[in-house]
Amino acid sequence: MNVMGMDATDLAEGLFRVLATGDPALAVDVVHEDFHNREAAVAPAACALPGPAGTLASGAWMRFAFSDLRFPVLAAARNDEQIWVRLRMQGRHTGAFVRYRDGALDQAIPPTGREIDFEQIHVLELRDGKVIGHEAVRDDITMLGQLGVFPPAPPTALRMVAWRVTGRASRAAAQVTAEAARAAASLGA
């Protein structure tokens with residue numbers, strides 16, 4: 001597939017560059033207006049918006065938790081309608097990593113300062129020379145282990161409980177929700 005100067009690999013790499021950088025112009029170039037991210041179920045509501053707005057919100061949510069976020073691609077395979085990308089998610093956990101369930105705060109992992117580096121496989125649906133769908137298989141157990149959450153390291157578990165009891169988890173969730181909404185709205189700016 002080579003539409004508008006970008007082949008499937010370019011589109012996939014572009015999508016992950018948008019997540020790492022928050023580049024709205026690139027989001028418009030690589031993300032279809034009807035884009036749907038199946039993985040947005042654990043993210044702030046703005047991440048489920050269709051099109052580039054949801055992708056920008058997803059990137060803001062991840063960058064809120066992980067500085068120096070990057071996604072080096074290890075391998076890719078494609079056909080006319082999909083590209084499968086194996087990559088690593090890398091960064092440093094410098095902000096709260098907030099996960100949601102049914103739109104509400106589920107878990108907030110306070111910043112640990114630890115590096116993350118784990119594998120993921122993404123399936124991207126392609127249409128009209130852009131990415132229109134996304135789903136992933138991630139090694140979240142490795143990431144949680146790198147953060148000291150699984151198996152639970154006592155200091156990390158205590159910090160997570162303290163964050164919830166003191167309201168810091170709720171404040172972090174509100175802050176990242178606002179950041180994701182601002183990123184989604186950046187297309188109109």
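Colleague: How many bridges join strand β7 to strand β8?
Modeller: Five bridges join β7 (residues 97–101) to β8 (residues 104–109), and the two strands run antiparallel. Two strands pair if DSSP finds at least two bridges between them. Helices (H or I, at least four residues) and strands (E, at least two) are DSSP runs, numbered from the N terminus. Before we go on, please note that this is a predicted model, in which local features need pLDDT of at least 70 and side-chain atom pairs count only at pLDDT 80 or more, while totals for chains, interfaces and linings use all residues. Residues are numbered from 1 along each chain as its sequence is written, and side-chain values use heavy atoms, with hydrogens and water left out.

Colleague: Which residue of β8 stands opposite R99?
Modeller: Opposite R99 is Q107. The hairpin of β7 and β8 has two residues between the strands, and in this hairpin D102 takes a positive phi near 55°.

Colleague: Where else is there a positive phi of about 55° in a residue that is not a glycine?
Modeller: D68 has such a phi, and D68 is found in strand β4. Most residues other than glycine have a negative phi, and most peptide bonds are trans.

Colleague: Which residues does a cis peptide bond join?
Modeller: The cis bond joins F150 and P151, with omega at about -10°. P151 lies in the loop between α4 (140–146) and α5.

Colleague: Back to the strands. How does β4 pair with β6, parallel or antiparallel?
Modeller: Strand β4 (residues 66–70) and strand β6 (residues 82–93) pair in the antiparallel sense, over three bridges. F66 stands opposite H93 of β6.

Colleague: And what joins β5 to β6?
Modeller: Five bridges join β5 (residues 73–78) to β6, and these strands run antiparallel. A75 has R86 of β6 as its bridge partner, and R78 stands opposite I83 of β6. A hairpin leads from β5 to β6 through three residues.

Colleague: How many bridges join β6 to β9?
Modeller: There are 11 bridges between β6 and β9 (residues 115–127), which run antiparallel. Q82, for one, has E125 in β9 as its bridge partner.

Colleague: Now the helices. At what angle do the axes of α1 and α3 cross?
Modeller: The axes of α1 (residues 8–21) and α3 (residues 51–65) cross at roughly 50° and come within 7 Å. Axes are lines fitted to C-alpha atoms, for helices over the stretch in contact, and angles run from 0 to 180 degrees between N-to-C directions. That angle makes α1 oblique to α3. Angles under 35 degrees count as roughly parallel, over 145 as roughly antiparallel, 65 to 115 as roughly perpendicular and the rest as oblique.

Colleague: Which residues make the contact?
Modeller: From α1 they are L15, V18, L19, A20 and T21, and from α3 they are T55, L56, S58, G59, M62 and R63. Contact means heavy atoms within 4.5 Å. By class, the contact of α1 with α3 has six nonpolar, four polar and one charged residues. Here Ala, Val, Leu, Ile, Met, Phe, Trp, Tyr, Cys and Pro count as nonpolar, Asp, Glu, Lys and Arg as charged, and the others, Gly among them, as polar.

Colleague: What about α3 and α6: at what angle do they pack?
Modeller: α3 and α6 pack at about 145°, with their axes 7 Å apart. On the α3 side, A53, L56, A57, A60, W61 and F64 make the contact, and on the α6 side A172, Q175, V176, E179, A180, A183 and A184 do. By class, the contact of α3 with α6 has 11 nonpolar, one polar and one charged residues.

Colleague: And how do the axes of α5 and α6 cross?
Modeller: The axes of α5 (residues 154–166) and α6 (residues 168–185) come within 4 Å and cross at roughly 80°. The two helices are therefore roughly perpendicular to each other. In α5, W163, R164 and T166 meet R168, A169, R171 and A172 of α6.

Colleague: Last topic: how many aromatic pairs does a search of the whole structure find?
Modeller: The search finds three aromatic pairs. One of them, F16 with F71, is tilted, at 5.4 Å centre to centre and 45° between the planes. F16 lies in helix α1 and F71 in the loop between β4 and β5, so the pair links parts of the chain 55 residues apart. Rings of Phe, Tyr and Trp (its six-membered ring) pair if their centres lie within 6.5 Å; planes under 30 degrees apart count as stacked, over 60 as edge-to-face and the rest as tilted.
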